[in-house]
Amino acid sequence: MDLTKLGVIETAKLIREKKVSCEEVIKAYLKNIEEKKALNAVVEVFSDAILEAKKVDEKIKNNKPLKELEGVPMIIKDNILIKGKKVGCASKFMQNFVAPYDATVITKLKNAGVIFIGRANMDEFAMGSSTEKSCYGICHNALDFSRVPGGSSGGSACAVGANLACATLGSDTGGSIRQPASYNGVYGIKPTYGRVSRFGLIAFASSLDQIGPLTKNLEDSAKLLEIIAGDDEHDMTSSKEKVDKYSNFDVKKTYKFAICDEVEEKMKDMVTKPVYDNIMKKLQEKGCQFIHFSIKDFNLCLPIYYVLAPAEATSNLGRFDGVKYTVRSENAKDVNEIYLKSRSEGFGEEVKRRILLGSYVLSSGYFDAYYNKAKKLQMRLTKQLTDVFKSADAVLLPTTPNVAFKIGSKGDNPVDMYLEDIFTTLANITGVPAISIPCGKGEDDMPLGLQIMTDKFEEKKLYSVASYIDTLLKGENA
Amino acid sequence: MKDYEITIGLEVHAELKTNTKCFCSCKNEFGGEPNTHCCPICVGMPGALPVINKRAVELTIKAGLCMGCDINDIAVFERKNYFYPDLSKAYQISQLVRPICLHGGVKLDSGKFIRLNRIHLEEDAGKLVHKSETVGTLIDYNRGGVPLIEMVSEPDMASSDEALEFLAKLRENLIYADIAECKMQEGGMRCDVNVSIREKGQKEFGTKVEMKNINSFKAVERAINFEVERQKDILKSGGKVRQETRRWDDVAGESSSMRSKEDSKDYRYFPDPDILAIEIPRENVEKLRKELPLLPAERKEKYLGEYGLSQYDTNLLLSEKVYSDFFEACVKLYNKPKSVVNWIQSQVLTLIKDEDEKEIKISAKNLTEIIEMLEKKEISQQDSRTLFAKCWEENIDAKEYAKKTGMLSTLSEDELEKIMDEVLSENPKACEDFKSTPDKVMPFFIGQVMKKTKGKANSEVVRKYITEKLK
């Protein structure tokens, strides 16, 4: 049996039932990571992983009570803090920073018995859609070495797709979990804003960032979200809304889906359109209803996103200044030079581009024209989307316009890269939850993702709907 | 010679008296070994998030209520972005568009009202410590994240005297309401001053100059006077005052230019996405209002009116919160304000008025009991002083001690008078002799009274009574 093909729940069960030792599981994954080193998905393997596994096996030997996910190995995106481990946001600027505390999600996973075996590659400071902009070098797609894994959580998605861990955590600000999940044929959810604590996630855009799991199956996704979600006294933006039993899929006979006119318009030119048409047909055959609605401001998603996210990022990244935490320029002669030279030398091009963009939209004289306007449009857009949930269970749309693109193919014009987020930023701007599930194949047999959205804090319904579609599609493939 | 009018506005910062910092649970305490009152949040570690200290919001509301401000029902925190090594996150969490308190103001003794524009809550920065050439500059983040209120006045003051009085009144209110300690020498209260002058009769204000780094009342006065003279000189020689920020150097007694308007920073304020807007329900505001003690202005009115104290005594009591609080506690126990203030003035203040820490080492209960015993003639003047000194030294029960040591007569006045009358009627000869040689006979009478009362009588009282009687 190839242990590395198993997911979170299955692995925990095998360990609990003593069918396999935790050490065997961890060793299998470490071996796989070593063999697939060229993917460059994992930037550091934690040296204490085997030791942690032995502790679990000791517990089992002594018949001590086991936690829900005891001994399950996970890899964490390089922007979430694990106490005592390095964390660097894939930036050479942060290369020596050791986390002094655990992120809330890490505390929760530790309490559930999870073992962390490594850090996942990403775009620097989570800015990018291809994981080509990392100080650790380019990460590759789990299924095609010549293609990108997507981004910014490209390492996390590749690690799941290539069976380098049972599951991983990523972060999603404009699509950074869902787009790479789609490109690597795995499941990735961006929860409702406020559903998961951001404490210990190195912020990109605080009002849009959410942490979410990337998994091999839907059950694992729901289980992990169940564990990491909930109110946190350390994060004022975390919600007190009760955490449902997401992993109990409460599947109904039929659902009512909504399709956005503006998305359909965009899909007209997409070569992948038949895949999505086919899914709609299957659902209709099952008796599901479809309604059409309009998000008049849909085309403003990217402009809104590229005002708000850089504005917050420029402020969030101010603390990386060469004075503390980050590498100080050796050429700096005084305090102003420490700032100027350290930041100029430390940040990569894309990060600098967004810092400049953000500084511009916040500067006096432009604040109303950009930031305030974007904030107002964000409210309008949110209403346009969420109104539809009064008459439909979920909104369906593609995760990306196409399959994973070739490495280096979108290098020249940053706007080309920004268009990758065309279907994903909607969920971040409006705060609703969105999941990407594998839904078929495109060019060169590369996977495609279907995005499902429900109303805020309706993750329970989201998983039920996802399970309904997932089962249907799997039946078709079988 | 032209006559000029002075316009002054103040921005006054005060550190709030909370147990913990504004956005984390680190101790809010002055001093300490460098970087020992710190955590990932207040040193701006990656991934750390702020959580608002409710107490800091409450104290800001209280400050607003003391100064007659309107309290906003929704308050928003903004980020003020700038780079400086003492600012760990490269932004300060502050308030711009919706501060906690708006408007309000303070009445000077002259009756002139100085308006406030706002009071908002923000976090303090750390401190740079300049070491030797080889060590360089170090940063101490102990103060970083300490809650600070900024009280911004309208340009309503016309002299350094008015500015000082305004400042003193803000400070008094904050101290009396237990909002801030305002220890200027520890940087617990700091002040930026805006000064402009214009020719008398001119409608529009003159060009404003801001002065920073002013850390004492004396310095506020000196800085304003220096600036007024500087601007007058410029205008008189036909020049124009430049809009700028100047740094006050108290040692040199002069200011120097920091930056001009053109170089002024763009702080790129925007709402802090990590902190949700704070709702302030009316009932919470009313609850806080009820918690407020009597403020100096209200106390002053009461002392002068209801208690009939002199202006001098009133000012003396109000000069320190401890005096006034002690006085109030005493009056609550013994409702003779004038007697109490006399004792405080003649006995208590002589002991502590020159001390830095004004600690009153006698309880209100002991002091009022001493005053009461004395005024009921149960103890002598002499003994009252001895008793006071004893109570100051150690925390004893004044009345118990007076009984134990025989200072306190346990006879009632009536009983004592009866006994004294007996002694007089039993000794007609002595009464006769008293008229010629009172000093010789008095000890005899006292001795007789003491004998009959088994020493419980107060010799002072006896002396006074018999002298009266045989006059």
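Modeller: Terms to start with. Helices (H or I, at least four residues) and strands (E, at least two) are DSSP runs, numbered from the N terminus. This is a predicted model: local features need pLDDT of at least 70, side-chain atom pairs count only at pLDDT 80 or more, and totals for chains, interfaces and linings use all residues. Residues are numbered from 1 along each chain as its sequence is written, and chains are lettered from A and ligands numbered from 1 in the order in which they are written.

Biologist: How many helices and strands has chain B?

Modeller: Chain B has 15 helices and 17 strands.

Biologist: And what radius of gyration does chain B have?

Modeller: Chain B has 31 Å, while a compact globule of 471 residues would have a value near 23 Å. The radius is taken over C-alpha atoms, and the globule rule is 2.2 Å times the number of residues to the power 0.38. Along the principal axes, the C-alpha atoms of chain B fill a box of roughly 100 × 60 × 55 Å.

Biologist: What percentage of chain B counts as buried?

Modeller: 38% of its 471 residues. Buried means 20 or more other C-beta atoms within 10 Å of the residue's own, exposed means 12 or fewer, and partly exposed is in between; C-beta atoms are placed from the backbone.

Biologist: Which helices pack in chain B? Start with α9 and α10.

Modeller: The axes of α9(B), residues 364-375, and α10(B), residues 381-393, come within 10 Å and cross at roughly 170 degrees. Axes are lines fitted to C-alpha atoms, for helices over the stretch in contact, and angles run from 0 to 180 degrees between N-to-C directions. That makes α9(B) roughly antiparallel to α10(B). The cut-offs are under 35 degrees for roughly parallel, over 145 for roughly antiparallel, 65 to 115 for roughly perpendicular, and oblique for the rest.

Biologist: Which residues make that contact?

Modeller: From α9(B), they are B:N366, B:I370 and B:L374; from α10(B), B:Q381, B:S384, B:L387, B:F388 and B:C391. Contact means C-beta atoms, placed from the backbone, within 7 Å. By class there are five nonpolar, three polar and no charged residues. Ala, Val, Leu, Ile, Met, Phe, Trp, Tyr, Cys and Pro count as nonpolar, Asp, Glu, Lys and Arg as charged, and the others, Gly among them, as polar.

Biologist: Switching to chain A. At what angle do α10 and α12 cross?

Modeller: Roughly 100 degrees, with the axes coming within 7 Å. α10(A) and α12(A) are therefore roughly perpendicular to each other. Their contact includes A:Y306 and A:P310 of α10(A), and A:R354 and A:L357 of α12(A). It has nine nonpolar, three polar and one charged residues.

Biologist: How many residues does each chain give to the A-B contact?

Modeller: Chain A gives 31 and chain B gives 23. On the chain A side, the elements with two or more residues are α10 (301-316), α11 (335-346) and α12 (349-362). The largest share, three residues, comes from α10(A). That side divides into 15 nonpolar, ten polar and six charged residues.

Biologist: Now the sheet in chain A. What's the strand order?

Modeller: Eleven strands form an open sheet, β1-β3-β2-β4-β6-β5-β10-β11-β9-β7-β8, with mixed pairing. Two strands pair if DSSP finds at least two bridges between them. The edge strands are β1 (42-45) and β8 (289-293), each pairing on one side only. Neighbouring strands are turned by 30 degrees against each other on average, direction ignored.

Biologist: What does β6 pair with, and in which sense?

Modeller: β6(A) pairs antiparallel with β4(A) over six bridges, and antiparallel with β5(A) over two. A:P213 is the bridge partner of A:L169. A:T215 partners A:Y187, and A:L214 partners A:G188.

Biologist: Why call β6(A) enclosed?

Modeller: Six of its six residues are buried, so β6(A) is largely enclosed by the rest of the structure. Both faces are covered: A:Q210, A:G212 and A:L214 on one side, A:I211, A:P213 and A:T215 on the other.

Biologist: Last one, A:V45. Where is it?

Modeller: A:V45 lies in strand β1 of chain A. A:V45 is partly exposed, with 16 other C-beta atoms within 10 Å. Leaving out residues up to four places away in sequence, A:V45 touches A:L30, A:I33, A:I117 and A:G118.

Definitions and conventions: Contact = placed C-beta atoms within 7 Å.
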